Amino acid sequence: MGNEWHDVAAPDQVSDDAPITVKVGEHDIGIYALNGRYYALDDVCPHAYALLSQGFIDGEEIECPLHGAKFHIPSGKCTKEPADRDLACYAVKLEGGRLLLQVD
Ligand code: FES
């Protein structure tokens, strides 16, 4: 797929308390809005299988809806068990009124 930018959403589809999930190739990616910035993280929880974008926002963290693992949205860092692995982060930018995501 290369390091291409993929047009994935309109910015108003994402709000601070309502992330979305998008699919690029075989990746499920969660898109978050936080304090006027956008972030994109792997959406599948590394613990078992849950889509993190369906979890709960707590400040700068997302809490897994299944067993409560937490991840720091700006960095993808796992901050609470039972997950034990960080999430991959993807570059996201706003261009021409659309959100673009870079996935390799
Ligand atoms: S699936 Fe996310 S904490 Fe278990």
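1. Start with Asp58: in this predicted model, aspartate 58 has glutamate 61 of strand E6 as its bridge partner. That pair belongs to the contact between E5 and E6 (residues 61-63), where three bridges hold an antiparallel pairing.

2. Zooming out from there, E5 and E6 are part of an open sheet of four strands, ordered E5-E6-E7-E8 and paired antiparallel. The edge positions go to E5 (56-58) and E8 (78-80); each has a single partner strand, so one side of each lacks a neighbour in the sheet. On average, neighbouring strands here are turned by 30° against each other, ignoring direction.

3. Now for E3, residues 27-34. How many of the eight residues of strand E3 are buried? Seven are, so the rest of the structure largely encloses this strand.

4. On one pairing, E3 runs antiparallel to E2 (residues 20-24), with five bridges joining the two. If you want a residue pair to look at, valine 22 has isoleucine 29 in E3 as its bridge partner. The two strands make a hairpin with two residues between them, and glycine 25 in that turn has a positive phi of about 60°.

5. E3 also pairs with E4 (residues 37-42), again antiparallel, through six bridges. Here alanine 33 sits opposite tyrosine 38 of E4. This is a hairpin too, with two residues between the strands; asparagine 35 in the turn shows a positive phi of about 50°.

6. Next, the nonpolar packing. The largest nonpolar core counts 15 residues, and the ones with the most contacts inside it are Val8, Val22, Val24, Ile29, Ile31, Leu99 and Leu101. Elements giving two or more residues to this core are E1 (4-9), E2, E3, E9 (89-95) and E10 (98-103). As background, nonpolar side chains in soluble globular proteins tend to be buried together.

7. Leaving out residues up to four places away in sequence, isoleucine 29 touches Ile20, Thr21, Val22, Val24, Ala40, Leu41, Asp43, Tyr90, Leu101 and Val103. Val22 in that list is also the bridge partner of isoleucine 29, and both residues are among those with the most contacts inside the largest core.

8. One more thing to look for: apart from that core lies another one, of 14 residues, including Tyr39, Cys45, Ala50 and Ile73.

Conventions. Residues are numbered from 1 along each chain as its sequence is written. This is a predicted model: local features need pLDDT of at least 70, side-chain atom pairs count only at pLDDT 80 or more; totals for chains, interfaces and linings use all residues. Side-chain values use heavy atoms; hydrogens and water are left out. Two strands pair if DSSP finds at least two bridges between them. Axes are lines fitted to C-alpha atoms, for helices over the stretch in contact, and angles run from 0 to 180 degrees between N-to-C directions. Buried means under 20% relative accessible area, exposed over 50%, partly exposed in between (1.4 Å probe, protein chains only). A nonpolar core is a set of buried Ala, Val, Leu, Ile, Met, Phe, Trp, Tyr and Cys residues joined through side-chain atoms within 4.5 Å. Contact means heavy atoms within 4.5 Å.
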